[in-house]
Amino acid sequence: MHKTVIDPVTRIEGHLKIEIEVDKGKIVNAKCFGEMFRGWEIILKGRNPLDAQMITQRICGVCPASHAQASALNLDSAFRVTPPDNGRLIRNLILGSNYIQSHILHFYHLAALDYVDITAILKYKGKDPNLNRIKAWAKEELESKRPGALAPFLPRYEGDYIADTEINIAAISHYLKALEMRRKAHEMLALFGGKMPHEMGVVPGGVTEKPTVDKIASYLYRLKEIQEFIDNIYIPDVIAVAKAYPQYFKIGRGVENLLAYGVFEEDSDGTKKLLSSGVYFKGRKEITPLDETKIAEYVKYSRYSSASGRHPSQGETTPQTEKEGAYSWLKAPRYEGQVMEVGPLARMVVTHMSSKNEKVSSLISKTLKDLNISQSSLFSVMGRHAARALECKVVADRCAEWVNALDPSKPVHTPYEIPAEGNGMGLTEASRGALGHWIVIKDRRIENYQCVVPTTWNASPRDDKNQPGPIEQALIGTPIKDINNPIEAVRVVRSFDPCIACAVHIMEGGKEIKSFKVV
Amino acid sequence: MSITRRKFLQILSCSGAAVSLSQVWFPEIVQAITKKAGNLPVFWIQGQNCSGCSVSALNATYPDIAKVITEVISLEFHPTVMAAAGNLALTPLYRGVEKYRGKFVLVVEGSVPTGGEVFCTVGEAKGKAISFERWVKDLGMAAKAIINVGTCSAFGGIPAAQPNPTGAKAVRDIIPGATMINIPGCPPHPDWIVGTIAHVLLFGLPALDEEKRPKVFFDKVIHENCERRSYFEDKKFAKHFSEEGCLLELGCKGPIAHCDVSIRGWNNGVNWCVRSGSPCIGCTEPAFPFDPPAEGLYHRLAEEKIGGIPWARNLSPTKMASLVKGRG
């Protein structure tokens, strides 16, 4: 039995540590620790409710638009205000643009270095000036033999990187192109959101920016270029990597239960969404409708002295640093007592199986056929990457329709009064999965504000029934060839696109670190 | 071809008055950067951060981020983008710090918790967790200069907002004596980040204001160059979001926010905060996020903090020149 620690896990958002035990070449035990805490709920208490969508965005700089959306929906419900159509559409465009940015960033700049051999650039023989510049830089760096040569791309784990030079060089070229594409996705967003990261435009009652014709044109111009990139480069690259690593359709299965709150409101009462809400339970053939009252947070292994099994809106937690048996600051969110994975895989499968979106279903069918795999193989490392890429296309294509539906002559915002008392809830989906915000207003101030965020579901600790969370379950059984180069383990973790700054914002106050143990 | 320091500084100090800096930036900085400045390493560490500052840096346009890390700096450590993980990432960091002691630039993103090591650990060495506070002290004292990227590392930011549950502090409160530059903003504009790093590596410290912000970017307040300034003068104020008018009544912090995005724009100039209809929330200021009960992000500024900035067209040439040179 060999044990190793990976701390820090890089190419994720935030501070994460992994501890794995390997026996006979397979992971038999895994522990995940989130290592940073700030205390957003404590900070929000007593503030003007309007501050919530600015402050909660700062939970995460990769997915702030999601928090703005959740917060706006939360405050809409507390203030009892409904945005006009333009407001709803612009919010979708802002959130959608960030999905596009986040997914492209994830595959190329966070995940790809686990598969692509960037030293292949030394073998480049073509005339592209950008690639030749990188080649010259790489050559000079490696010849210098200095310790930090070719940083940040070296050092790296030894492992089974792609051997084919053509594929590697194409991937390097696409890595560079993807930097430009995600930057443009943020420009698109900023046309309506003012700036990004941490956009300014999403407020309760709608948005602040009016959709002029030139903004619509400017948005579409960038979007078209990005759609071409998604269709002709991003998705084919994911397919190519998946074909190069077919074993990763069997690695990282995880819990096989999926949860989605649904996202991108298609009508003003919020019942129709582009990507559906619902719950997929392992082995069942139908999607179960979502009932958010079935969400509860368990604390047996979490350092809190409050009651276990509470709904997030009833939170009242006192941190307890010395609690017997507890090893985590993170609570364990569960749905009907079950472990749930959230994220693009959850959204795409739930939408597909609910037959709510033909485009989603036909994309999934086509991709399964391309890859020659069954739907069940989507519960895997490569399945998650594929789902993310397909979702990127679905969202980008719909953004083109939303922007064309904007009406420059109509309002974008419905005025409201901040009530003296009120409750609210906002359920949406961040790029990484199901995201909920809850508010209680008293004397026109925030009395209580709660967020249950996607990576908390995915990286949760054991619950009162000792059920481990999705990432640990996905790690267990993963083959590890060399304990000193556990590249397989980080490939599994990264397929979830973890965001730890988000995850340690489990509400219910107190000091929190995410840490959990799997046996 | 390289550029003289004098010309470079002239360009920087004059350009802010009227022209978007990135349009002046590109041809000159690209000419200046014919060769990385001696391969000096930059170590970028993260504490109580949200990574927004890193994401903003990725949005750099001229030069773009790929050019920056291959032609301007040697980014030897950055947890969000680097290939290595765990010990494989930490070993070259510690080796680099020793080898380049006194010569590397440390970039810090995120505030530093002092209420307990457990609030932010950044790695493990010999089985023991490394606290971020320890890193900031050790690496900070070994660096040529520290660049605090973002309001959190510069001033404490939102983690330090009341009641500051983790004892979050700015880097300057952890190592007060060190040579440092603050590039605040939540997040900072990528031009500020890239421009400042390049300046330090090529020419040394830029001129700083009393909060250690580079004057070239933070000399003016938003209010001085806001395109809605005439509404303010005419006392036409928006009462609700998406209305025309000055956004003062909606809580705009423009009169006190030292920041040049009213000229520079955001995201390659496509828009910026006030243009999009949102009041400025003063994210470059030490007071951000303006704690209750006296203040709030959407709370109207107290009267004494507004005005006092003469409208530019009424200025004498001498007065204008003194403003351009920088606040006293």
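Modeller: Start with handedness: a crossing is left-handed if the near helix is turned anticlockwise from the far one by less than a right angle, and right-handed if clockwise. Helices (H or I, at least four residues) and strands (E, at least two) are DSSP runs, numbered from the N terminus. In this predicted model, local features need pLDDT of at least 70 and side-chain atom pairs pLDDT 80 or more, while totals for chains, interfaces and linings use all residues. Residues are numbered from 1 along each chain as its sequence is written, with chains lettered from A and ligands numbered from 1 in the order in which they are written.

Biologist: In which hand does α8(A) pass α10(A)?

Modeller: The crossing is left-handed. In general, two packed helices are described by the angle between their axes and the distance between the axes. Here α8 (residues 344–353) and α10 (residues 381–404) of chain A have axes that come within 8 Å and cross at roughly 70 degrees. Therefore α8(A) is roughly perpendicular to α10(A) (65 to 115 degrees).

Biologist: Which residues make the contact?

Modeller: Contact means C-beta atoms, placed from the backbone, within 7 Å. From α8(A) come P344(A), L345(A), R347(A) and M348(A); α10(A) gives G383(A), R384(A), A387(A), R388(A), L390(A) and E391(A).

Biologist: How many residues of chain A are in contact with chain B?

Modeller: 72 residues of chain A, with 69 residues of chain B. The largest share of chain A's side, 8 residues, comes from α6(A).

Biologist: How many helices and strands are in chain A?

Modeller: Chain A has 14 helices and 13 strands. Its C-alpha trace spans about 65 × 60 × 50 Å along the principal axes.

Definitions and conventions
Axes are lines fitted to C-alpha atoms, for helices over the stretch in contact, and angles run from 0 to 180 degrees between N-to-C directions. Angles under 35 degrees count as roughly parallel, over 145 as roughly antiparallel, 65 to 115 as roughly perpendicular and the rest as oblique. Two residues are in contact if their C-beta atoms, placed from the backbone, lie within 7 Å.
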